[in-house]
Amino acid sequence: MATWKTRGLRGSTLEDLINHTNEQYRNQKLALIQKIPTPIKPIEMEKTSRRITLAYFEQKSTVDYIGNVQGIPVCFDAKESAVDTFPLQNIHSHQIAFMQEWEEQGGIAFILLYYTHRNEVYYIPFRDIQRFWQRSQEGGRKSFRFEEINPSYQVELKSGVYIQYLEAIQKDLDEQEA
């Protein structure tokens, strides 16, 4: 008898799955999280379809998602890596500054990192991102390795609510209070 093997997140981007999850969280009245579009300035457009053919970024973006989880302000970025080493150049200094300011205002900031070759998603709390970032600014590694992230922050991939990150937010909050 043939057994079914998962094909992982193939055919779907991480952001598509997060958007679906956010829709489910909203329907269940658990959270209201919105994708933040990157502001662009159109330069050229096709006359007939009015489709933008050339544009530039109007300003630096902050993070991919902002919202509220039962009274807690939340912001996060979605990242992917095809290898076990994640280059910090994929996180910009203005994003680090924004996430730091967000947490200083009582919110929670994090990254959801999808390791495509492992088919695993991890919640990386801002305090860990900040530690990796600071190390790189002081002349240390310009990346972090898979072995450096907390394995207990692996996010389950399930049907219905695909990227269940609310449990990781609760774990992050509990650890901050300890």
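Let's start with a pair of helices: α2 and α3 cross in a left-handed way (left-handed is when the near helix is turned anticlockwise from the far one by less than a right angle, right-handed when clockwise). On the α2 side, the contact involves Ser93, Ile96, Met99, Gln100 and Glu103, and on the α3 side Phe126, Ile129, Gln130 and Trp133; contact here means heavy atoms within 4.5 Å. Sort these residues by type and you get 5 nonpolar, 3 polar and 1 charged. In that count, Ala, Val, Leu, Ile, Met, Phe, Trp, Tyr, Cys and Pro are nonpolar, Asp, Glu, Lys and Arg are charged, and the others, Gly among them, are polar.

## What you're looking at

This is a predicted model, where local features need pLDDT of at least 70 and side-chain atom pairs count only at pLDDT 80 or more, while totals for chains, interfaces and linings use all residues. Residues are numbered from 1 along each chain as its sequence is written, and side-chain values use heavy atoms, leaving out hydrogens and water. Helices (H or I, at least four residues) and strands (E, at least two) are DSSP runs, numbered from the N terminus.

## The sheet

Two strands pair if DSSP finds at least two bridges between them.

How many bridges join β5 to β7? There are 8, linking residues 72–81 of β5 with residues 108–115 of β7, and the two strands run parallel. Phe76 has Phe110 of β7 as its bridge partner.

## Around β4

β4 runs antiparallel to β1, with 4 bridges between them, and Lys35 has Tyr65 of β4 as its bridge partner. β4 is also antiparallel to β5, this time through 5 bridges, with Gly67 opposite Val74 in β5. β4 and β5 make a hairpin with 2 residues between them, and Gln70 in the turn has a positive phi of about 45°.
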